[in-house]
Amino acid sequence: MKIEQFRIDVPDAVLDDLRARLRATRWPEPAPGESWAQGTDLAYLQELCAYWADEFDWRRVEAELNELPHHMTSVDGQPLHFVHVRSRHEDALPLLVNHGWPGTFAEFVDIIGPLTDPTAHGGDARDAFHLVLPSLPGFVFSGPTREPGWTPHRIAGAEAQLMDALGYEQFGVQGGDWGAMVASQLGAMAPHRVLGIHLNLVIASPPRDTDPLEGLTERERDQVAQMHARGREEMGYQQIQGTRPQTLSVGLNDSPVGLAAWIVEKYRAWGDCVRPDGVRDVEHRFDKDTLLTCVTLYWVTGTIASANRIYAEARRAGAGASRPVGRVPVPMGYARFPADGFTPPRAWVERQYDVRRWTELPEGGHFPALEVPELLVEDVRAFFRSLRTA
């Protein structure tokens, strides 16, 4: 496997075209009623996109991202981009960290230092990691995908080959969203190599042969009810992307404003964005530069269509394409962040995973590396610490 260095270098013409499209937007009328009730609030979107066109400094962001060691390779005929940061501590544990949708590798910037160089961040050298941060196939610099079949199962196989090429015989895996699916697949397909998986999102099916609520506490029953309610309210995007992603993606790939509306709504809905006064405010957790870094990465790579397709690929491939069929045999640690929408009870999760650590965190949501990086770092350290000394 040939591995080459990679540098982000977006042509000026791409950025000029982006600004021209932003300034030429044909805006819809505001939705009647409460703001955000029918989707992305128009007034906020106009404010964000004005900032994108006139103030957001992509070249600064690009320069900061280029301080990381980027690499490109090809696996199974697909380009694969990844950041590889080796710790100065030789006994560091290799750790593969995967993002989800609509995330990118850039969301992990704030956890790189504490995980690779813990002694410089108030930690212990025995908690050091060598980090491998891929862009999932189809996402930003690993995209677009050119053929069908790129499911979490296939992605896991590609990443196992990557870790082999990097010389990592044994490693840990961390992930949320689709990254959690890939982590679970790796644990199932390569238990001899995967020391353990740490998830900040877990999807677990209820038992089919008994009452799924039997034996649950009142709090767990409430969490299941809330999870189902959020699913009914917020999962429309998944139905579209799982059935007709290409139709949707034509508009998102042509309009930066449409792309921003589609992505930013998810950060507001899935993040821990409720202020102390009870108002849900996306910038309570994510400032404009953070949001626009994500959206711009999708825009300049033209990969929202292939990123969206992962939902349809997994759905059409059937059982085993997303989550493994059967029990994942490697140790699993779960960090539950309260604002995330997936909250299966522990009894359901333990049917499918060897749960060694279960942490209920006090704050944070779907994007913990951006929202509460210090909490995520400490839980990752603690989980793998127990496995290193086992």
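Cys-49 is buried, with a relative accessible area of 4%, where buried means under 20% relative accessible area, computed with a 1.4 Å probe on protein chains only. Cys-49 is in no disulfide, and the nearest cysteine sulfur, that of Cys-294, is 13 Å away, whereas a disulfide is a pair of cysteine sulfur atoms within 2.5 Å. Cys-273 is likewise in no disulfide, with the sulfur of Cys-294 as its nearest at 13 Å, and Cys-273 is buried with a relative accessible area of 0%. The structure as a whole holds zero disulfides.

This is a predicted model, in which local features need pLDDT of at least 70 and side-chain atom pairs count only at pLDDT 80 or more, while totals for chains, interfaces and linings use all residues. Residues are numbered from 1 along each chain as its sequence is written, and side-chain values use heavy atoms, with hydrogens and water left out.

Arg-381 sits in helix H15, which covers residues 373–388; a helix here is a DSSP run (H or I) of at least four residues, numbered from the N terminus. Arg-381 is buried yet has no salt bridge, since its nearest side chain of opposite charge, Glu-378, is 4.1 Å away, and a salt bridge requires a side-chain nitrogen of Lys or Arg within 4 Å of a carboxyl oxygen of Asp or Glu. Leaving aside neighbours within four places in sequence, the residues in contact with Arg-381 (heavy atoms within 4.5 Å) include Pro-114, His-121, Asp-127 and Phe-129.

Conventions. Helices (H or I, at least four residues) and strands (E, at least two) are DSSP runs, numbered from the N terminus. Buried means under 20% relative accessible area, exposed over 50%, partly exposed in between (1.4 Å probe, protein chains only). Lys and Arg count as positive and Asp and Glu as negative; His and the chain ends are not counted.
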